[in-house]
Amino acid sequence: MQLCTYTIVVVHFEKPFSMYKKIDVVENVSGNFLLFENLIFAVENTLKVFNEKKSASVDGKICKLLKLKNKIFVEYFEDESGFESTSIFNEDLSQDSNNLLDKKMLRGVLKEKAIVLSYDNEYNTITSIIDLECFEEEWTSNIKIDWHSLISSELLATWNNKEIDLIHYPSNKSVVNIKLNKIQLNNFISSFGNPIVQKILGLYKNIFLIQLQRGIILPIDIENGEILESYDLIKLSAKKDLVTNSIFLDNNDGKLKCLGGRYYYEFNLNNQKVEIKKDFGEYGQGNWWISHSTPFDNKFTFTGSKDGINSFPNSYGVFNTNSLSVEWSDGINPIGRESKGFYQTPPKMNNNMLVIKDSNKTLHIYDKKNALQQHL
């Protein structure tokens, strides 16, 4: 009989393992930042790529960045006129020759489509939809639009405090028009006045989902424009302290998912049931209170605190929806008005990095590879 020998390697961590290690901070960051393959950000009028020497400049202070495939769209306030304009750059930060977005404001991108705002000679707002693949204008309107969101490659949702309109913009036809003061919601408390749109959640199958205040979800059949029976998430969950400010539609699972307050919960759109998947416990007792969150694959990044509901979001982290646990967190604790800043918007992450911007315009940059190498 031949004997086999095995070697068992025991790795000992002298301190608790951290998934991410902070590798840098960048101060005075203008507007938002982009995190895809690389980290792209702006300081005043200069566009930069983290850990690379290349940069590019525009004639004004940068306020917003968007990316579509290999193009970077940089919105800024022109130094001379004060108006907003958008310049286009390639991934190597060379400027694109197309000037279709000059004197225009980029307000949202879905796949290859973009919502763009501009002004006419009398400074009236014009809303357009542009195909960013071929740089052609597909739809335009001079009707005042308060809020708007691209729902699909052919559907545009527009809304204000009085009505919601779903437009099939290739034909310029209204698919659904809802007067908010006319709809009847089950168990809606009249003292709140007319329903207010908090968020357009998107399309699930042929159902257009709108989030109103107080956890009310309004479903609309886009085939016939029929308003279906609304869902009251607070009532369905039997949790009066249910938070509804970070709800997202997961089309693959057919669920609405939310990490907010003391709960992570899911609402099944097929059987209309709310399932509380995680309860962090009473706030103010060292338990997490989640202020804001955003999904990334099977995780949520979040900002929050362990000091109670009235605390500034002084920490941030990553919540795993499979293990139902906070798998990593960091931040300054405690924090307050006189401190170095707080964290309103959740971190962005890719496969190797995690980045968050604090209220003092400082980027905190973490790297997963460095964290792993440090413990091996």
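Which residues lie nearest the centre of the largest pocket? Here are my notes, with that one answered in point 2.

1. **What we're looking at.** This is a predicted model, in which local features need pLDDT of at least 70, side-chain atom pairs count only at pLDDT 80 or more, and totals for chains, interfaces and linings use all residues. Residues are numbered from 1 along each chain as its sequence is written, and side-chain values use heavy atoms, with hydrogens and water left out. Of its 376 residues, 46% count as buried (buried is under 20% relative accessible area, exposed is over 50%, partly exposed is in between, with a 1.4 Å probe and protein chains only). Take the contacts (heavy atoms within 4.5 Å) between residues at least 6 apart in sequence: 38% of them join residues at least 24 apart.

2. **The largest pocket.** V109, L110, F248, T294 and P295 lie nearest the centre, out of 47 lining residues. Strand β6 (residues 60–68) gives the largest share of that lining, with five residues. The space inside comes to about 1,700 Å³. On the method: a 1 Å grid is laid over the protein atoms alone, and a pocket is an open set of points where a 1.4 Å probe fits, with protein on both sides within 12 Å along at least five of seven lines; lining residues have an atom within 4 Å of a point. Points are joined across faces, edges and corners, and the volume is the space filled by probe spheres set on them.

3. **The largest nonpolar core.** A core here is a set of buried Ala, Val, Leu, Ile, Met, Phe, Trp, Tyr and Cys residues joined through side-chain atoms within 4.5 Å. The largest one has 19 residues, and I151, I164, L166, V197, I200, F208 and I210 touch the most other members. Two or more residues each come from β14 (155–159), β15 (163–168), β16 (173–179), β17 (197–204), β18 (207–212) and β19 (216–221). Look at L166 in particular: beyond its neighbours within four places in sequence, its contacts include I151, L155, V175, V176 and F208. A second, separate core has 15 residues, among them Y231, Y263, F267 and V274.

4. **Aromatic pairs.** There are 13 in the structure, counted when ring centres of Phe, Tyr and Trp (its six-membered ring) lie within 6.5 Å; planes under 30 degrees apart are stacked, over 60 edge-to-face, and the rest tilted. F83 and Y123 make a stacked one, 5.7 Å centre to centre with 15° between the planes. The two are 40 residues apart, F83 in the loop between β7 (71–78) and β8 (84–90) and Y123 in the loop between β10 (113–119) and β11 (125–131). F83 is partly exposed at 35% relative accessible area, while Y123 counts as exposed at 55%. Elsewhere, Y20, Y316, W328, Y343 and Y366 form one aromatic cluster.

5. **Lysines over rings.** K199 lies over the face of F248, 3.7 Å from the ring centre, and K348 lies over the face of F33 at 4.7 Å. The test is NZ of Lys or CZ of Arg within 6 Å of the ring centre and within 35 degrees of the ring normal. F248 is also one of the residues nearest the centre of the largest pocket.

6. **Two backbone spots to check.** Most residues other than glycine have a negative phi. K69 has a positive one, about 55°, and sits in the loop between β6 and β7, exposed at 58%. K103 has a positive phi too, about 65°; K103 is in the loop between β8 and β9 (105–110) and is partly exposed at 46%.

7. K299, in strand β27 (residues 299–305), is buried at 16% relative accessible area. Not counting residues up to four places away in sequence, K299 touches T294, V318, F319, N320, T321 and E327. D232 lies in strand β21 (residues 231–232) and counts as buried at 9%.

Notes. Helix = DSSP H or I, 4+ residues; strand = E, 2+ residues; numbered from the N terminus.
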